[in-house]
Amino acid sequence: MKFQATANTPVPRWGQSASIFIAVALLVVGCASPAPLLAPRKAQAIEANSRGAVLFSRGDYAGAIEQYRHALDFERSIENEDGIASNLINLSIAYQRLGDGAAARAAVEEILDNPYLRFPAPRVAEAALRKAILLLEARDVDAASQWLERTRSGCAQADCPLGGKILNVQAQLALLKTDYTGARDAATRALAANRARSDREEIANSLRLLGAALIEIRRSEEVGPLLNEALAIDKDLALPPKIFRDLVLLGRAAMARNLTGDAAAFFRRASAVARSLSDPAALAEADGLLQSARPPEPR
Amino acid sequence: MKAKPSDAVDAPRSLRSVLAFVLPAVIGVALVAGIVAWKQELFVGRTPIFLFTDSALGITKGMPVKVFGFTVGTVREMSIVPGSAGAKGLVRVELDINSEYLQHISKDAKARFAREGVVGQSIIEVLPGNPQLRHIARNETIAFERGKTLNELTEELNRALTPVMTQVKDAIRDLQDPDGRTQKTLNQVTTLLQELPESNRRLQSLLTTADKAFGNVDKAVAGTTSKADEAIDHLGRAAASIESAAPGILQKVDAAADGVARSAEAVRRISESAARKVPFLLDEGENVIRNTGEVVSGAKQVWPLRDAILPTRTTTLNIDSQESASGARGGALSGQEGR
């Protein structure tokens, strides 16, 4: 017939383009189909948790606590142990930032001492680590050491993500116990573990702890590269409190090497950071160190 | 032929069969008859009483007899009693009264011919009489009076109205007569009204004379009151000043009040308009917000937006091994405590 197509009839180029376009469009439409919906209560919990994270990142810790409490209520209502533990840990961190150590401890103790719910082991280990950190801040070294051991026992596997953090806390406890060699060793191992996991924030922590230990054992000349690396990471991550701490340690290292001019410069920079943070304790520390770094006035 | 033994037995049996068939029918007929008789009050005790009238006109057998509006009996029989010397003939009417109602008909009761309504049924109405007296007994007579017929009533009315109509005719005639009392009275009133202006003029003249006399007296008094006049003059000027200023002030006050009133009216209209529109706008706004929320919610569920917007799981904050209340204190590194 006149209009019947045959196998040898060439397909026009626009026809090929249209076919491809239709196929891609169908693929996109298929991909754009609605996702399996979360249960409303679960979705509400996740949304509240997400809002809390945003507020926390902005430094609105009170607002974050409110949202995490909402999320916790939702998770409790559906007895989602993992969600409950996650929000309790978040609450403990936010409370600690607000300076309410008791509330922070109570939050993690709800995970550690709960006789009715079976929380996932990684969450229990995280809660134990949080408790050790809180006790460390309270300078309760023995109790912190006990909880750190409990964390370690809950994190025995080789790929435990808390390994580098545990060693960093161990290094801090050693520093508090004036066991500087032990602190150096722990910080060195922590640095290796954190480098293996590429956990930059914890790498910077390890570098700082190692620098502090080396200063104490009078090996200040080795400290510069470590603390400068930590400073670079903290600047990259935009963590002002850590930057302050890096600058203070750099100044102390310079002081230990009698480089008072350099030390004063670091302390001034630390003071400026503290002032911008409106942190009076940090500002007082930086100003005090700056005074000690100034050469005596000629009589 | 000798009867068989079986025939002797069958005869009573067939009689019983016939009785069994007929007896119920007889009982049924008797029952119906009894009911009919009861309905016809055949079992009710009746007492005959009599009345005498000049004429039986309008009275018929079976006519109801009523006491207090209740039918207590009927007219049973009527007969003519022939007249005798010194007495004219009469009609005797026998009333058959239900005995239980006799107690309501005393000895002095009167019966009368009446009609229920203007065109209603004719009845014999018994007016009960004095209840203190004994009630009437069997075959006794009660007095009877025939009620007035319609013709009799018409004639009576005509007789009563005739003098009234005569007086009305006289009054109309008097009104139309120029020499009548009414016309004369009207003429006199007209004359009196025409004379009123002259009387008024005379009264005015008298008042003018009196006014002049008072004017003379006034002049005499004026001298003695001149000083008082001056004082009053001052007061008058002050009052005039106030009076001249007051309208302006009052106009301004009025204008201000008008302005306030207009503003208030405008505000009221705007408020009313807003009160009508605001709920609608709020509803619409709420709908728009709800619809927008639904659209956004729907869009958030669609790839690729859902991966960019929606958190799909609960996140835990990073645990910082150097976490502290004041971030700058840096755990064990704060101050000189680590040394």
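Tutor: Over all chains, a search of the whole structure finds one disulfide, the term denoting a pair of cysteine sulfur atoms within 2.5 Å. This is a predicted model, in which local features need pLDDT of at least 70 and side-chain atom pairs count only at pLDDT 80 or more, while totals for chains, interfaces and linings use all residues. Residues are numbered from 1 along each chain as its sequence is written, chains are lettered from A and ligands numbered from 1 in the order in which they are written, and side-chain values use heavy atoms, with hydrogens and water left out.

The disulfide joins C155(A) to C160(A), with the sulfur atoms 1.3 Å apart. Its S-S torsion is about -100°, and the disulfide is therefore left-handed. Both C155(A) and C160(A) are buried (under 20% relative accessible area, with exposed over 50% and partly exposed in between; 1.4 Å probe, protein chains only).

Turning to the helices: these are DSSP runs of H or I, at least four residues long, numbered from the N terminus. The expected span is 1.5 Å times one less than the number of residues. Helix α4 of chain A, residues 81-98, has 18 residues and should span 26 Å, which agrees with the 26 Å between its end C-alpha atoms. Of these 18 residues, 14 are buried, leaving α4(A) mostly covered. Just after α4(A) comes G99(A), with a positive phi of about 90°.

Because 14 of its 17 residues are buried, α6(A) is largely enclosed by the rest of the structure. R139(A), which follows α6(A), has a positive phi near 65°.

Notes
Helices (H or I, at least four residues) and strands (E, at least two) are DSSP runs, numbered from the N terminus.
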